[in-house]
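Please examine the model shown below.

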Amino acid sequence: MKRSVANIIREYGPFPNVEAIHGVTYDGQRIWFGIGQQLHALDPGNGQSVRSLDVVADAGTAFDGQYLYQISGDCIQKVDPHDGSVIATIPAPSTENSGLAWGEGSLWVGQYRNRKIHQVDPETGEVLRTLESNRCVTGVTWNGTELWHGTWENDESELRHINPDTGEVLETIEMPSGTGVSGLESDGNGQFFCGGGGSGKLRTVSRS
């Protein structure tokens with residue numbers, strides 16, 4: 001298994017009136033991140049907030065190329081990014097949900113204390129597959145054909161590349177001590193955007 005140490009190349013925030021970063025996703029132009037009662041969009045080039053949506057955003061966030069998906073309690077909301085309207089909702093696997101990603105035509109839901117990742121049908125909420133982890137799961141993302149997730153226990157956090165069929169850990173990127181990962185998203189070009197939980201920060205991590 002390949003192991004490396006995170007190369008943090010940029011930090012954003014902390015942002016005004018933001019107590020914690022929850023879900024994180026990327027639409028190709030903007031980083032979206034949930035802060036509890038809103039979704040914010042950030043320009044990664046200049047670090048400026050460009051808009052916000054009044055959507056309950058207390059866990060994972062994902063983008064399918066057209067719509068945002070946002071965990072809110074025991075459901076997953078499908079959200080129009082233009083006006084924040086909720087197009088549809090499906091049941092979430094449980095109330096232990098943390099991360100959320102779009103990949104392979106499915107939603108992938110991380111569960112923190114349950115230490116699991118569920119592949120979920122985006123139309124019905126049916127759980128299609130469950131992967132087990134030996135660490136608490138935070139953010140989840142697909143980097144091309146690779147499934148990654150964040151972990152965070154005590155003061156230790158890392159990014160993990162796992163086999164999407166078995167959950168086997170193939171690669172780890174260790175974050176500095178005390179630097180936690182909440183939401184996680186790949187930009188598809190060798191970088192990850194990591195929510196920093198209660199620090200109120202977003203961080204860009206280079207894979208190399």
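Strands, as the word is used here, are DSSP runs of E with at least two residues, numbered from the N terminus. The model itself is a predicted one.

The largest pocket holds about 300 Å³ of space. Its lining comprises 19 residues, and those nearest the centre are His22, Asp58, Asn97, Ser98 and Tyr112. What is the make-up of the lining by class? Twelve of the lining residues are polar, four are nonpolar and three are charged.

Is Ser106 buried or exposed? Residues under 20% relative accessible area are classed as buried. Ser106 has a relative accessibility of 4% and therefore counts as buried. Leaving aside residues up to four places away in sequence, Ser106 touches Ala101, Gln119, Val120, Pro122 and Leu128.

Strand β5 (residues 39-42) pairs with strand β6 (residues 49-53) in the antiparallel sense, over four bridges. Within this pairing, His40 has Ser52 of β6 as its bridge partner. Six residues lie between the two strands of the hairpin, in which Gly47 adopts a positive phi near 75 degrees.

Definitions and conventions. Residues numbered from 1 in each chain as written. Predicted model: local features only at pLDDT ≥ 70, side-chain atom pairs only at ≥ 80, totals over all residues. Heavy atoms only, no water. Buried < 20%, exposed > 50% of the residue type's maximum accessible area, 1.4 Å probe, protein only. Contact = heavy atoms within 4.5 Å. Pairing = 2+ DSSP bridges. 1 Å grid on protein atoms, 1.4 Å probe; cavity = no way out; pocket = protein on both sides within 12 Å on 5 of 7 lines; lining within 4 Å. Points joined across faces, edges and corners; volume = space filled by probe spheres on them. Nonpolar A, V, L, I, M, F, W, Y, C, P; charged D, E, K, R; others polar.
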